[in-house]
Amino acid sequence: MTASAPIAFIDLQAQRARMGAALEESILRVVRSGRYIMGPEIGELERKLSEFCGAPYALSCANGTDALALLLMLKDLKPGQAVLVPSFTFAATGEVVVWFGATPIFVDCDEATFCVDPASAEAGVARAKALGLEPVGMIAVDLFGHPADYDALEPIARKHGLWLMSDCAQGFGATYKGRRVGALGDFAATSFFPAKPLGCYGDGGAVFVRDKESVAVLESLRVHGQGEDKYDNVRVGMNGRMDTVQAAVLLHKLAIFEDEIEARQRVAARYAEGLGDVCGVPRVAEGCVSTWAQYTIRVPADRRAAIVEDLKKAGVPTAIYYVRPMHRQTAYAAYPVAGNGLPVSERLSREALSLPMHAYLTEVDQDRVVRALRAALAG
């Protein structure tokens, strides 16, 4: 590799090489079987996902957005109801609320973890009631791989009679005070988009619930709301099935996931050591383990564009999550926000910058990133 050769932001090919021929043979086995939808790998994956995170039941689905939507269908979300949603996140979290004619109330995030700020959640409940809406739920996003503060959010949910959904699309595999993400909140939704810490080779997702009754309803909703016969639809559902090839891929990736999570800790620790004195590096709350879906630093807002350009010239890719918080995006600007605005979300959208992060980032490449960033900040 030459000095100017670009570094991979996420190196899926290094991961694929590690799994080798066994992964490819599993994919071919599905192709040869002809069971491309709901083959036996689906049930095996669901069992292993449940075992991994400690949730009583796991149900696979087509993608992370469908996972969120299936749970909102389960709760019969409707117009006149409101759901608390963090503004500093990907649009899917708030998008699904609007699908059902309900109102997202955008809340702020914590300065340190980037996850839902409990005080803003309280303000969001008050805002919903002031607007004559019925607050029914809260979606906590485990942003960039760090789990939300469930011990603070769960009492707020109970106090106001809300359900609490964990959107662990970025945080699956993370740990909160001895509990795995996926088994936190009342139920959880995740994504297996390829760039996620646990990702497949296309789209995929899963939901995690605590009771058999919910599983039965979700199984129906996942396949067009079918009853005992596929032509007897007992509820309005969706086509939300995961294809079997993705399950085969995920079974291999899940087998090495613990090791990859440990590798991500080492990468994050080296970043913190190399950058902690020149920029705002992320900190993990006590008792938590992040999966580091992104390693997101904070840089001066007025210099971010120049820093990005300097890093690009040095062959170091970056990403900005998120250029605009949801409440500032065209499609969602008319929806209410908690309190007197969302100052932390606004600030982070101007300062956040994500660096290359994956389990196969070599120390040589990571040192290049650190040197390039330190030079860009010094300039």
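**Entry 1: starting point**

I noted first that this is a predicted model.

**Entry 2: H3 and its two partners**

I began with helix packing. Two packed helices are described by the angle between their axes and the distance between the axes.

I took helix H3 (residues 64-74) and helix H4 (residues 92-99) as my opening pair, and found that their axes come within 9 Å and cross at roughly 40°. That angle makes H3 and H4 oblique to each other. Their crossing is right-handed. On the H3 side I listed Thr65, Leu68, Ala69 and Leu72, and on the H4 side Ala92, Thr93, Glu95, Val96, Val97 and Trp99. I sorted the residues of this contact by class and got seven nonpolar, two polar and one charged.

Next I turned to H3 and H7. How do their axes cross? They come within 10 Å of each other, at an angle of roughly 120°. H3 and H7 are therefore oblique to each other. I wrote down a right-handed crossing for H3 passing H7. From H3, the residues Leu70, Leu71, Met73 and Leu74 meet Ser214, Val217, Leu218, Leu221 and Arg222 of H7. By class, the contact of H3 with H7 has seven nonpolar residues, one polar and one charged.

I then followed Met238, which sits in the loop between H7 and H8. Is Met238 buried or exposed? It counts as buried, because its relative accessibility is 12%, and the cut-off for buried is under 20%.

I looked up which residues Met238 touches, leaving aside its neighbours within four places in sequence. They are Asp66, Ala69, Leu70, Met73, Leu221, Arg222, Val223 and His224.

**Entry 3: H9 and H12**

H9 passes H12 in a right-handed crossing.

H9 brings Val267, Arg270, Tyr271, Gly274 and Leu275 to the contact, while H12 brings Glu363, Gln366, Asp367, Val369, Val370, Leu373 and Arg374.

Most residues other than glycine have a negative phi, and most peptide bonds are trans.

Phe144 is not a glycine, but it has a positive phi of about 60°. I found it in the loop between strand S4 (134-141) and helix H6 (150-160). Phe144 counts as buried, because its relative accessibility is 5%.

His224 also went on my list, with a positive phi of about 65° although it is not a glycine. His224 is in the loop between helix H7 (212-222) and helix H8 (244-255). At 41% relative accessibility, His224 counts as partly exposed. I had already met His224 among the contacts of Met238.

Which two residues does a cis peptide bond join? They are Tyr321 and Tyr322, with omega at about 5°. I placed Tyr322 in the loop between helix H10 (304-313) and helix H11 (343-351).

**Entry 4: Gln81 in strand S2**

I stopped at Gln81, which lies in strand S2 (residues 81-86). Gln81 counts as buried, because its relative accessibility is 10%. Beyond its neighbours within four places in sequence, Gln81 is in contact with Asp76, Ala102, Thr103, Glu134 and Val136.

**Entry 5: cysteines**

How many disulfides does the structure hold? I counted zero. I checked Cys200: the closest cysteine sulfur is in Cys61, 10 Å away, so the pair is too far apart for a bond. Cys200 is buried, with a relative accessible area of 0%.

Cys288 is in no disulfide either, and the nearest cysteine sulfur, that of Cys115, is 8.7 Å away. Cys288 counts as buried too, at 13% relative accessibility.

Note on methods: Residues numbered from 1 in each chain as written. Predicted model: local features only at pLDDT ≥ 70, side-chain atom pairs only at ≥ 80, totals over all residues. Heavy atoms only, no water. Helix = DSSP H or I, 4+ residues; strand = E, 2+ residues; numbered from the N terminus. Buried < 20%, exposed > 50% of the residue type's maximum accessible area, 1.4 Å probe, protein only. Contact = heavy atoms within 4.5 Å. Disulfide = S-S within 2.5 Å. Left-handed = near helix turned anticlockwise from the far one by under 90°. Axes fitted to C-alpha atoms, helices over the stretch in contact; angles between N-to-C directions. Parallel < 35°, antiparallel > 145°, perpendicular 65-115°, else oblique. Nonpolar A, V, L, I, M, F, W, Y, C, P; charged D, E, K, R; others polar.
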